Amino acid sequence: MAYLAPIHRPSSVRHALNLSFTSSDSADLIIAKANRLEIWSPSPANPSELLHAHTKTVYGKVTLLEKIRPAQSPTDHLFVGTDRYHYFTLSWDADRKELKTERAFTDVAEKSARDSQTGDRVHIDPTSRFLALECYEGVITVLPIAHAGKGKRKQSVGAPQDVGELGEPIPVRIPELFIKSTCFVHKRQAGPKLANPEMAILWEDSSSGKMKIKVRELEYSASLRPQEEPGSAELEKGKDVDGEIEVGSGFLIPLPPPMYGFMVVGETRVAYVDEWEYQVTRTEPLAEATVFVAWCAVDDQRYVLADDYGKMYLLLVQQNGQGEYAGHRIDALGMTSRASTLVYVDEGRVFVGSHQGDSQVIQISEDKGLEVLQTFPNIAPILDFTVMDMGNRSSDAPVNEFSSGQARIVTGSGAFKDGSLRSVRSGVGLEDVGSIGDMGAPVSEIFSLKSGAGVQGVDTLVVSFVSHTRVFAFDAEGEVEEVEDFRGFQLGESTLFAGSLDDGRAVQVTSSGLILSEAEGGVVTDSWRPQSTQSITAVSVEGTNVLVSLGGATLTVLDVSGSSVKVQAQRDFDAAEQVSCITTSRWVPNAAVAGFWKDSRVSFLNLQNLSTIVTTQVADDTSTDSTIAVPRSLVIANILPQQPATLFVGLADGNVIIYPIPEDLTFANRKSIILGTQQPNFALLPRGDGLENVFATCEHPSLIYGAEGRMVYSAVTAENAASICAFDSAAYPNAIAIASDDQELKLAVVDEERTTHVQTLPVHETVRRIAYSPDLKAFGLGTIKRTLEAGEELVESHFKLVDEVAFQELHSYALRPDELVECGMRCKLDDGVGGEAERFVVGTSFLDEAAGDATTVRGRLLVFEVTESRELKLIAEKALRGACRCLGMAGSGRIVAAMVKTVLIYSFDYQTPSTPFLTKRAAYRTSTAPIDLAITPSAHNNSSTIAVTDLMKSVSLLHHYPNRAGAPDTLEEIARHFDTLWGTAVACVAENTYLASDAEGNLTVLQHDLNGFSAEDRRRLRVTSEMLLGEMVNRIRTITVQPTPGAVVIPRAFLATVEGGVYLFALIAPGKQDFLIQLQERMAEVVQSPGGVPFKKFRGFRSGVRDAGEEGPMRFVDGEVIERFLDLEEGRQEEVVEGLPGGMGVEDVRGVVEGLRGIH
């Protein structure tokens, strides 16, 4: 049983559209990202900036977008097509703030037709009477659009409310195949009757290899029985365009009246085809050859073109005195991301939607040329990635079980000039707003307070060190100055607490005593010191009550409500009952909370006399080592509205115990969560709505906050935070002050909710492969660079060494001309003197691999060491007669290299300590071509199991035995998956369990049954789970997680896709499988997709030979659907929960789903 949840949703943009969707006068941009639709609207404050307004998940990958305007609708409707051949129109429900399905066409599929080889297309004819779909080779599907009739036909065409609505689809066959582009041509109207629309078709003649253009007339006859059968359509009449059409022609641009005709855009020239005889009448050559990939119209005369190299052009169509076509010219504008789609927004602004780089909004102007106004981050396509644990950076460190956000995922994203490294983390982000600088010593605590009674908000930071205190004052503009004297504070000691009282007076508590200073002038009005020789070790202040702990042996309550300090209560504890931590809170004004070293106890104490109200043991098992289950930090916070406050108890072992605080101050409804392995320290962060967040600092900093009626525990992107405090000042509203382990003090703003955070590090080359070495603290990058010089495309490839912290290039090794990086890995190899050393191994291929004879070198295997000066040094190479597609490490230091049709085993040997070489030890012939390897070393000997995913023949398992006593290595097949799968990646996710992905977007979990009844059973990999993800997975990386007892799922791997999605794959714990499957089935019935597409159809396995759309996913749970349980109204939640296994109620299911959401 498998579970999948998104960490970073797809960010690639292939389709976009500008229309008035949310209101009649709005200018909304609709962006399609894989299976999501996003609505972006102009900002009211800054109309040139687009703001995200809405997101909706569609059950299917969006392949088509078009707008239509029904006569009775004040807004445009959105036509959407998916890869599952579902088509529907959507409108915006302004009352519910939701998408509304207006019309759906289910499964408009031609079972016998071949999918379009050049992508799906949709067009609406200039008279808005027909919509044409192109999804199959040789088939155009026509959907009539209802329109107002003339004369006698006025009543037969349709009721007024139907005008503008789509009719039933009509498939029409045409003889043209390999269609590159199509468009409807604008026609002159000779009379009141509208002429039949004409469609220009740019296609490639396979027999001659030439490009041709055919203009076909669309003839439509309405049905006499429209309720029973659709009308008929034909594209029989047609005319060939005369004149030479360039072989590299890419698309057609129709010209509106009064110019008419259309433009043909090629690689070396742009031609015009007139409307009368359909002849190429004028051709203008380009200044340099290029490949155009997208276009959009600015107005009737100007068109923006984008090429494959990220260059933007402006095509200007010139007119004569009558407005007819008179010529054209094309000018270069500048560089952007490589465009997949272009959409004109308004006022010279163009949206550049990109699959290979960041999407952008650009401004085109005469004085500045091309200017980027807004950027939309995109990490697609992810060609490779690696997982870095942010806790200790060790290569074998497990990812913290609490959240995948604790791990940093570094991806090789984009292509060519848009190539980059991206650092992806899931969690609550911190935006730095100011830095005070290096403190020169470790900071123990920081506090914020007011400099005087009349000050609005805090304006002073008190920074405590081990032996002294420093004070920093801020003015209204945010300028900071360190002061030598502040309100009589003892700056020669370490400060345990500093703060302002409600009346403006200030309090400082050090280990030696308490100082109380007046509101104005800073004169010390009173002080207090303990009478005993003990020093103050802990303090908590609430209102005018100050609770101090004297060495853990005595608790004292001090009253500072007057001008002097008075002892309100005091209690001594014997040696066996020492206090470990204390806290007070405005949410429990007459009580305090104390933690004790013995028996892991926590007690509520009466603040008037410090008598015990109630006590509980917070540790599950006190028979274990008592030093690691001791309460070490306490805080009380009101996280959720209309809910009681919550007590958080941080234990020394990293556990956090949570108790809601009822009015009678009892300990009940205990919950716990693990934030790390070290003691968490808590800091309260007030919110503007009267509620609070809790910031927990440990090796994995976390923020505890309320969202959607639930308490959320999220990782925070503050890797080295040692101490924090709230600093809501005039210059830095809603900020916090953070002291880090590297002694830096800075100010930051915390995000309101958990999101995915991406940091971009431009490389400007395709990062094809990433290998991360924790020992060297560096990445090895295999890159490909493409440039265009004098119309010639040049390709270079390098292997680069990049520092992991600064992300600076340390060294680059250039490969030979026409040689490309195919794969790379880091590993430990024999150093020649009896030890092991960190090495990078790189596999390459040559572009001319089809040339030459059987002895021609078509690839190389390279072994690099990193010198003390952090440079790459080639120490061994092996010439190969095939391209090296992927690499891995087997037992006994063997290198596994997958060639074009063979898997080879190499040993790394030495002739002398300075002359290593590679020796072939074993070989295995694959079915077609190996794509990826997953190697599992044996725990008992040096043998290894190698999973090989094949280009066509799915996964096979090989067993490698290293040589014994001089015998050769053996490499033999032990099992195979016998179905046809076009594999892309494979990984071992559990013992004898493998996760495989294919080029059609499916995920399959395979199991090797070593205890099968027969030899045939043991040779067959059995499918245990399968699901259609809908995105092609490029890489799977396994992770090691230590699950907590009772965990619902156990994370096993991260997946990265071509569309920029990053997913967490997990195995469902035994006993939880039936519950999650049934919950998914019920949620699939409740959560409806736009267009009414069934969930089973969306997630059911689909390949060229099998479609499980009616059965749905097999033993696979979609976490995104499960987690939408939290978005349902309580009544719907009760309907979903009713009858679930185990008798679980709504609260129980909420808790489970919250836990599932927390892991990613």
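Strands β60 and β61 pair in the antiparallel sense over six bridges. Two strands count as paired if DSSP finds at least two bridges between them, and strands themselves are DSSP runs of E with at least two residues, numbered from the N terminus. Helices are numbered in the same way, as runs of H or I with at least four residues. Within this pair, Ala 726 has Ile 736 of β61 as its bridge partner. The loop between β60 (721-727) and β61 (735-740) contains Asn 734. Phi of Asn 734 is near 60°, which is a positive value in a residue other than glycine.

This is a predicted model, in which local features need pLDDT of at least 70 and side-chain atom pairs count only at pLDDT 80 or more, while totals for chains, interfaces and linings use all residues. Residues are numbered from 1 along each chain as its sequence is written, and side-chain values use heavy atoms, with hydrogens and water left out.

The pair β60 and β61 belongs to an open sheet of four strands, in the order β35-β62-β61-β60, with antiparallel pairing. At the edges stand β35 (430-438) and β60, each of which pairs on one side only. From one strand to the next, the twist averages 25°. Axes here are lines fitted to C-alpha atoms, for helices over the stretch in contact, and angles run from 0 to 180 degrees between N-to-C directions.

Now consider the chain as a whole. The chain has seven helices and 87 strands. Its radius of gyration is 34 Å, close to the 32 Å that the globule rule gives for 1160 residues, so the chain is as compact as a globular protein of that length. That radius is taken over C-alpha atoms, and the globule rule is 2.2 Å times the number of residues to the power 0.38. Along its principal axes, the C-alpha trace spans about 110 × 85 × 65 Å.

Another open sheet of four strands has the order β44-β45-β46-β47, again with antiparallel pairing. Its edge strands are β44 (536-542) and β47 (566-572), each pairing on one side only. Here the twist averages 15° from one strand to the next. Six bridges hold β44 and β45 in their antiparallel pairing. These two strands form a hairpin with two residues between them, and Gly 543 in the turn has a positive phi of about 65°.

Five bridges join β28 (residues 341-346) to β29 (residues 349-353), which run antiparallel. Leu 342 has Val 352 in β29 as its bridge partner.

Pro 381 lies in the loop between β31 (369-376) and β32 (382-389).

The helices remain. Two packed helices are described by the angle between their axes and the distance between the axes. The axes of α3 (residues 1073-1086) and α6 (residues 1130-1137) come within 9 Å and cross at roughly 135°. The two helices are therefore oblique to each other. Angles under 35 degrees count as roughly parallel, over 145 as roughly antiparallel, 65 to 115 as roughly perpendicular and the rest as oblique.

Helix α3 also meets α7 (residues 1146-1158): their axes come within 13 Å and cross at roughly 95°. These two are therefore roughly perpendicular to each other. The contact (heavy atoms within 4.5 Å) is made by Phe 1075, Leu 1076 and Leu 1079 of α3 and Val 1149, Val 1152, Val 1153 and Leu 1156 of α7.
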